[in-house]
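Biologist: Could you take a close look at the metal site for me and walk me through how it is put together?

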Amino acid sequence: MQFDTIVRGGNVVTPDAMSTADVGIVGEKIAAIAPNLAASPETRIIDATGHHVIPGVLDVHVHLELPFCGTTSSDDYLSGTRAGARGGVTTLIDFAIPYAGDSLGQAADNWMKRADGKALIDYTFHICITRWNEHKDQIKGMVDRGFTTFKEFMIYESEGWQSDDRAMFGTLEKMREYGTMLLVHAESPRVLDELIARYHTPELMRQYGARLHAMTRPNFIEAEAIQRAVMWSEVTGGRLYIVHMSTAEGTDIIKRAQARGVPVVAETCVQYLVLNDDVFAREDGHLFACCPQLKKPEDSARLWRGLSDGEVSVISTDTCTFTRDQKAMWEGDWTRIPMGMPGLETLLPLAYTRGVLEQRLSLNEMCLKLSTNPARLMGLYPRKGAIEVGADADLAIIHPTATRTVDPDAMETNADWSPFEGWDLAGFARTTLSRGEVIVDDYAVVGKAGRGKWLPRRPSLK
Ligand code: URP
Ligand code: ZN
Ligand code: ZN
């Protein structure tokens, strides 16, 4: 066979194993995985000796250029996908959220325009159902257009995004019928509103500052909401995916639900694994406000255990970048901090350094949580998510131990800060390939804006 590219001599991580091998690429696809593949004079050789060759990462929870909290998140499809590429991310899934009065189709069109001409890596969108009465009859049309994952938020009334139990129940019925999946942001809205109102006084804000973010979101806020969403999944049979799960209690609920056969899976985000609410004691603690809030070290420990035991299926980022200037909008009132953090560039380095090197996950398990599971759950496998013959040649080549220091000035994100600033992390991509094309070479982004493609999907869950 004549290969366009051979990735030579790396430790190649396939879904069930790893071994020293070459990966032969023809066009955009992986054509062979074996030792000592023969090259022709035209074959490009990428030396991977002494490196791990892993599947390109899928970050399936990303918000680029999102109007939110009175401003717009500052990574767009150019900076966001450059950041992803540098972190070995080759596919992202964003959330298309309808503006007031928009249909689901218009929301998808709006997000397509954001990506068009800018994206370096492949992408698609979860379609957000924000007004059940208007949107319920549009869901099937979106499935026919190639969108198979939908999203509802249990909070964010003031953004106009909130869904109630009626919407969740009705959507899950449709998910069962169509073989598609509902993603849910699970936080208990009314009790959360009550706690925020109780603490929203000038005295308490002076005393506690940004720490009020954590104080108004005790773990039961997430746990009650997950419990309720799980109930709707159980009685309808509709497939449910809990996004950005952050608590030990939530993880326990998911484990019990899965044991009795409820079709529910859960994602956590890397920040809930490696940070905790101690950050709010820092002078710049308000920068770390995200939604849901960072929790306690015991929660992180339970989430790590859930990843290795299986009840937590995916690690993502919930990238929603705000600069220091944007975060400064809070002026001492925690309810006005734009919520979210940069993340695409550091997902793989954090999961590798804190997960694999610190022996919380094996390298195969990390690839399962960052690539194979997200691809399977989101209807992108076997095209994406694994190093297998016939799959897209999306690869990240990482050094097993060499570290780089996180420095916002040297990063691709538009953020002028990082939650991980000064951390020494291994696992940045020395080389990233997307559909056979080198888009990161020697740790620098070389891919062209606009080369990323939208990924249509088919229902796969029936
Ligand atoms: O803080 C976050 N997560 N911002 C994005 C919105 C969301 O709830 O995912
Ligand atoms: Zn959310
Ligand atoms: Zn989100």
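Predicted model: local features only at pLDDT ≥ 70, side-chain atom pairs only at ≥ 80, totals over all residues.

Modeller: Start with the zinc ion (ligand 2): His185 coordinates it through ND1 and His244 through NE2, at 2.0 to 2.1 Å. Those two residues come from distant parts of the chain, 59 residues apart. His185 belongs to strand β12 (residues 181–185), while His244 sits in the loop between β13 (239–242) and α10 (248–259). Both His185 and His244 are buried. As for geometry, the four donor atoms around the zinc ion (ligand 2) subtend angles of 53 to 151°, so the arrangement comes out irregular.

Now hop over to the neighbouring metal: 3.8 Å separate the zinc ion (ligand 2) from the zinc ion (ligand 3). The zinc ion (ligand 3) is held by His61 (NE2), His63 (NE2) and Asp318 (OD), at 2.0 to 2.2 Å. Along the sequence, its donor residues follow the spacing H-x1-H-x254-D. Here the four donor atoms subtend angles of 86 to 136°, and that makes the arrangement around the zinc ion (ligand 3) irregular. The cut-off matters for this one: to count as tetrahedral, all angles must lie between 85 and 135 degrees.

His63 has 7% relative accessibility, so it counts as buried. Asp318, at 10%, counts as buried too.

How values were computed. Residues numbered from 1 in each chain as written. Chains lettered and ligands numbered in written order. Heavy atoms only, no water. Donors = N, O, S within 2.8 Å, 3.2 Å for Na, K, Ca; no water. Tetrahedral: all angles 85-135°; square planar, octahedral: opposite > 155°, others 65-115°. Helix = DSSP H or I, 4+ residues; strand = E, 2+ residues; numbered from the N terminus. Buried < 20%, exposed > 50% of the residue type's maximum accessible area, 1.4 Å probe, protein only.
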